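Please work through the exercises below with the sequence and the model in view.

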Amino acid sequence: MGIALADLWSRVERASVLEGDPPELRRRKATLLVIAILSCAMGILSAANSYAISGLVRDMVIPLSFTTVVGLSLVVFLATKRFNTLLYPFLCMMLWTPVVFQWSAGGFSAPGALTIILWALQAPLGALMFHFTGKAVG
């Protein structure tokens, strides 16, 4: 199991780093790539959940918009391997997605509260994880 995870991580690193990147940047790029891919999957599952609960296609627009923006950023990142081409769109969408979720729900409704809270926590945690503390806080 450990060998398979190490092999998977080395493949992620090869896909996301440039030859001259320092080790810290390599780790950040690979970690961001994994988190962005998992978040896109979460966006697709959230859209399917919204459709299953309400049956309205308009409720699917928010998570699918997130997935589209971050997915396009992923494609650009994998082509250029420039950290900021994925980081800033990812953090921006993590910040605005819960705001738009809450706005479309007409407030902080009980059924969607957990989803909104989970989305909202990802932006500040991501900023702290991928920026130096001073830059993330200030």
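This is a predicted model: local features need pLDDT of at least 70, side-chain atom pairs count only at pLDDT 80 or more; totals for chains, interfaces and linings use all residues.

Residues are numbered from 1 along each chain as its sequence is written, and side-chain values use heavy atoms, with hydrogens and water left out.

**Exercise 1. The chain**

Task: State how many helices and strands the chain has.

Solution: Begin with the elements, which are DSSP runs numbered from the N terminus (helices: H or I, at least four residues; strands: E, at least two). The chain comes to six helices and zero strands. Along the sequence, the pattern reads α-α-α-α-α-α. Next, consider burial (buried: under 20% relative accessible area, with a 1.4 Å probe and protein chains only). Of the 138 residues in the chain, 33% are buried.

**Exercise 2. Two helices**

Task: Determine how α2 and α3 are oriented to each other.

Solution: First, locate the pair: α2 covers residues 23–54 and α3 covers residues 61–80. Second, read the geometry, for which axes are lines fitted to C-alpha atoms over the stretch in contact and angles run from 0 to 180 degrees between N-to-C directions. The angle is about 150°, and the axes are 9 Å apart. Third, apply the cut-off (over 145 degrees counts as roughly antiparallel); α2 and α3 are therefore roughly antiparallel.

Finally, inspect the contact (heavy atoms within 4.5 Å). Residues of α2, including Leu-33, Ile-37 and Ile-44, meet residues of α3, among them Phe-66, Val-70 and Leu-74.

**Exercise 3. The span of α2**

Task: Compare the reach of α2 with its expected span.

Solution: The expected span of a helix is 1.5 Å times one less than its number of residues. Helix α2 has 32 residues, and the expected value is 46 Å. From its first C-alpha to its last, α2 reaches 46 Å, close to that expectation. Just after α2, Gly-55 takes a positive phi of about 75°.

**Exercise 4. Two residues**

Task: Decide whether Thr-31 and Ser-73 are buried or exposed.

Solution: Take Thr-31 in α2. Its relative accessible area is 14%, so Thr-31 is buried. Neighbours within four places in sequence aside, Thr-31 is in contact with Trp-9, Met-129 and Phe-130.

Now take Ser-73 in α3. With a relative accessible area of 8%, Ser-73 is buried. Leaving aside neighbours within four places in sequence, Ser-73 contacts Thr-85, Leu-86 and Pro-89.

Conventions
Angles under 35 degrees count as roughly parallel, over 145 as roughly antiparallel, 65 to 115 as roughly perpendicular and the rest as oblique. Buried means under 20% relative accessible area, exposed over 50%, partly exposed in between (1.4 Å probe, protein chains only).
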